[in-house]
Structures are given as C-alpha cells and as structure tokens.
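The sequence and the structure come first.

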Amino acid sequence: MLITHEHEELRRTTRNFIEKEVNPFVAEWEAAGIFPARELFRKMGNLGLLGITKPEAWGGINLDFSYEVVFAEEMGSALCGSIPMAVGVQTNMCTPALALHGSDELRAEFLAPAISGDRIGSIAVSEPGAGSDVAGITTAARKDGGDYLINGSKMWITNATQADFFCVLANTGNGHKHHNKSLIIVPAGTPGLSVGTRLKKMGMRSSDTAQVFFDHVRVPQRFRIGEEGMGFTYQMEQFQEERLFAAAIVIKTLENCINSTIDYTRERSVYGKPLLNKQVIQFQLAEMQVETEALRALVYQATETYVKGDNVTKLASMAKLKAGRLCRSVPDQCLQFWGGMGYMEESLINRLCRDMRLAAIGGGADEVMLAIIAKMMGIMPPE
Ligand SMILES: Cc1cc2nc3c(=O)[nH]c(=O)nc-3n(C[C@H](O)[C@H](O)[C@H](O)COP(=O)(O)OP(=O)(O)OC[C@H]3O[C@@H](n4cnc5c(N)ncnc54)[C@H](O)[C@@H]3O)c2cc1C
C-alpha cells in the first residue's frame, strides 16, 4: 500500500485529534462508564473524519479505503479501545451498506448527519441467541400496509444508549436464511423501541453497550436499505469493512503496549539494574514488534485487494484473525513485565489488556474467521 503525502496529512490530523480531544479525558470517561459521543463525533465531523470514503454528495470526502485504514491505524493511538471502536461503528459498521445501497432519501436523512457527526449510529445484528450464527437471528419485521412492524431484541449493541438510529438486521420473509433478511434503519425514540441499561463489561468501559428491544416497532418500508431479502448479503459485505477497520485499529494499540512496556521496564530497577537489561524481555518485545509489523503488512495487503475491487473476504478474515490472536498474546505478555503494577486497574497496560480481549470475540470470533478461511481454502465443506 503506497503511503502518500495525503495519507500522512490524514494521519497527522487524526493523531492531533486523539492527543488533544481524547487521551486527556480517557481516565475520566472510563470511570464514568461512558464518553460524550455527541460532542466528540461533531468535532470529528467538522474535521471530515467520519466520511473519509463516503460520497461527496452526502458530505464525505470520497477517498479510497486505504485512507480509512490509515485513519483507523491512527485511532489506535487512543489510550483505550472504546473510542476507536465507537467511532468504527459509526464509520465502518453501521453506514457502509447505507452508503452503498440506501435510497437517496434514506442517505439524506441518516447518512449525511452520520458523516457530519450530528447523528450517532449503532449496528444491531447480534441477539441473545445468535452472535456468531448471524443467519440464526429471530428478530422479525413483518409488512403491515406501507410499514414494517418489528419485534425481537438485539444484544451487546455499541453506542446504543446514545444512538439516534439503529441499522437493524431482521427477518422479513420465510425463505432460505441467507435470502430472508433485510437491513432496516430504525430511529431511536420510535414507539416500542427501548434500550436497556449500560451493560457492565470486563473492558471497553467508556463505550456504552446495551440491549435493544423491539415491541411492535413501526417504521415505513422506505427505511429498508436496498432490496428486501438482501440484508444478509449486505451485512456480509459490510462485515469486510468492519473487520479491516477492526484489524487496523489494534496495530497502534499493540505498539502502545510494547512501547509503554519498554518505558516501564527501563525505569523499573530489579536487583539493582533496569528490568529492560534482561535479554529474555528484550527478545520477547522484539518478537512482539515483528508480529505487529506482520499484522500491518497483512492489513495493507488486504486493503490493496479491497481498493482494487477484488474479493477481500479471505484476506480480511485473516487480518481480523491475526489481530484477535495478537490482542490476546501481546498485552498479556507485556502485562507480565509490569509485575504487580500491571495487575492494578489504573495502569495503562491493565486497561489495554482488558479492552483488547474483545478483538478475538467481537465482529466475528477467531473460530468464525478460521471457518471462513478454511472454506475459502476449499478444505471445509459449505453448510
Ligand atoms: C463489548 C461488545 C460490543 C459489541 N458490539 C456489537 C454491536 O455493536 N453490534 C452487534 O451486532 N454485536 C455486537 N457485539 C456482539 C459480538 O459481535 C458477538 O459477541 C460475537 O459475534 C460473538 O457472538 P456470541 O457472543 O453470541 O458468541 P457465540 O456465537 O455464542 O460463540 C461463543 C464462542 O464459540 C466459539 N465459536 C463460535 N462459532 C464457532 C465455530 N463455527 N467453530 C468453533 N467455535 C466457534 C467462539 O470461540 C465464540 O467466541 C458486541 C459484543 C461485545 C462483547
């Protein structure tokens, strides 16, 4: 992936934003269990950061996906996982299908304000009984005159308590499970829609996660994205951007784990010498840096493939898997070198370790990525 002057400019803008508007407040937001999405997204909208690849007609900048990846990478310099994840939901999880397949009316109403930061979005796919098995969802949207009546519930929804709209995957027919679903935009505040209280989590504490309930929620059929019955296909397409973004955001966070551990072990004296003098620690840190560079190379290769317009499913799944694996090993190995201080909630490595554990589970668990890769290698039969 060729990094141009324009990529570097975007990097600089994003890094400045993180250093000025995010990092000084992370501890406060983590303690509060929520961050001010509305205020932060408006600032990002003003900088053009929420519509990098989106069409100019709706306020985007219309750049190719390599710019989104550079943006994601730089978002990873945040001192927590919550803010990059919440932003990723807005830019690359709840809006790609809307941008690509939504009607002009729908894009004017929901995409344009998502790009300007005036409306906060959520992606509502997972359910209490269906996470990995997306096709197994039971939330249903039945036609009633010119409307849909939606019943069901969604689980673990990021940004839910602050969202203005939800991009909901629901069953709109009785046919085959891959052809009976639609993506529907449901505005917050629609009668019958309710959001549960913020769920208490191991990590990602400043990100609000909640259950969303649909009890005879009525929305006009024009709120459906694209064709009826195409929701599963659109969601699978949308997942590719989500997974590339998710893999790209952890690169700098992994480097943050490594670099903060170098700083800590250089300062920490054991038996009268800096801990970092131990070769076993130097070698492990060097190995982690190599693995992180390998992830960056894989993300860049997948991005080039996506920008060319080729099928990126296998490479995006590989990048997501590699990211998930490293997010389990690197923060944990680093925390070990922080000793008792690493076990303290207040230490940076402790927060990053807790936050990054999600990467191997959310947006498609490691095993789901392995199943996709194995199928695409032709060594696992399709269902
Ligand atoms: C903090 C947080 C934020 C989230 N945000 C959102 C959001 O905004 N929107 C949304 O829709 N969802 C969201 N999710 C849900 C997330 O995407 C799911 O948790 C994830 O897809 C896994 O689904 P599950 O939890 O139901 O696990 P299950 O499907 O019950 O799977 C449990 C475990 O089984 C294993 N497994 C699964 N499939 C296979 C297989 N084929 N072979 C072998 N092993 C397998 C994996 O190890 C997996 O972790 C969020 C979750 C969390 C925790």
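What share of the contacts in the protein chain with a separation of 6 or more is accounted for by residues 24 or more positions apart? Such residues account for 74% of those contacts.

## Overall form

The model is a predicted one. The protein chain holds 13 helices and 10 strands. Its radius of gyration is 21 Å, close to the 21 Å that the globule rule gives for 383 residues, so the chain is as compact as a globular protein of that length.

Along the principal axes, the C-alpha trace spans about 80 × 45 × 40 Å. Of the 383 residues in the chain, 49% are buried.

## Domains and the contact between domains 1 and 2

Three domains divide the protein chain: domain 1 covers 5-120, domain 2 covers 122-229 and domain 3 covers 233-376. Between domain 1 and domain 2 the C-alpha centres are 22 Å apart. Domain 1 gives 27 residues to their contact, and domain 2 gives 22 residues.

On the side of domain 1 that touches domain 2, the elements giving two or more residues are helix 2 (26-32), helix 3 (37-46), helix 5 (82-93), helix 6 (96-101) and helix 7 (104-116). Helix 5 has the largest share, with 6 residues. By residue class, this side of domain 1 consists of 17 nonpolar, 6 polar and 4 charged residues.

## The shell around the ligand

The ligand is surrounded by 23 residues, and the closest are Ser-126, Gly-131, Ser-132, Thr-158 and Glu-367. Two or more residues of this shell come from each of strand 1 (121-124), strand 3 (147-158) and helix 13 (366-376).

Domain 2 and domain 3 each supply at least three residues to the shell around the ligand. The shell residues divide into 12 nonpolar, 9 polar and 2 charged.

## Strand 1

Strand 1, which gives residues to the ligand shell, is covered on both faces. Gly-121 and Ile-123 lie on one side, Ser-122 and Ala-124 lie on the other, and all of them are buried.

The pairing of strand 1 with strand 4 (residues 165-171) is parallel and runs over 4 bridges. Within strand 4, Val-168 is the residue opposite Ala-124.

## Helix 12

Helix 12 (residues 348-356) is largely enclosed by the rest of the structure, because 8 of its 9 residues are buried. The buried residues of helix 12 are Leu-348, Ile-349, Arg-351, Leu-352, Cys-353, Arg-354, Asp-355 and Met-356.

Which elements are included in what covers the buried residues of helix 12? They include helix 2, helix 5, helix 8 (231-267), helix 10 (313-337) and helix 11 (339-343). Of these, helix 2 and helix 5 also give residues to the side of domain 1 that touches domain 2.

## Asp-144

Is Asp-144 buried or exposed? Asp-144 belongs to strand 2 (residues 140-144). This residue counts as exposed because it has 11 C-beta neighbours inside 10 Å, and the cut-off for exposed is 12 or fewer.

Asp-144 and Gly-226 are separated by 82 residues in sequence. In space, the C-alpha to C-alpha distance between Asp-144 and Gly-226 is 19 Å.

Notes
Residues are numbered from 1 along each chain as its sequence is written. This is a predicted model: local features need pLDDT of at least 70, side-chain atom pairs count only at pLDDT 80 or more; totals for chains, interfaces and linings use all residues. Domain bounds come from an automatic or database domain assignment. Two residues are in contact if their C-beta atoms, placed from the backbone, lie within 7 Å. Ala, Val, Leu, Ile, Met, Phe, Trp, Tyr, Cys and Pro count as nonpolar, Asp, Glu, Lys and Arg as charged, and the others, Gly among them, as polar. A residue is buried if 20 or more other C-beta atoms lie within 10 Å of its own, exposed if 12 or fewer, and partly exposed in between; C-beta atoms are placed from the backbone. A residue is near a molecule or strand if its C-beta atom, placed from the backbone, lies within 6 Å of it. Two strands pair if DSSP finds at least two bridges between them. The radius of gyration is taken over C-alpha atoms; the globule rule is 2.2 Å times the number of residues to the power 0.38.
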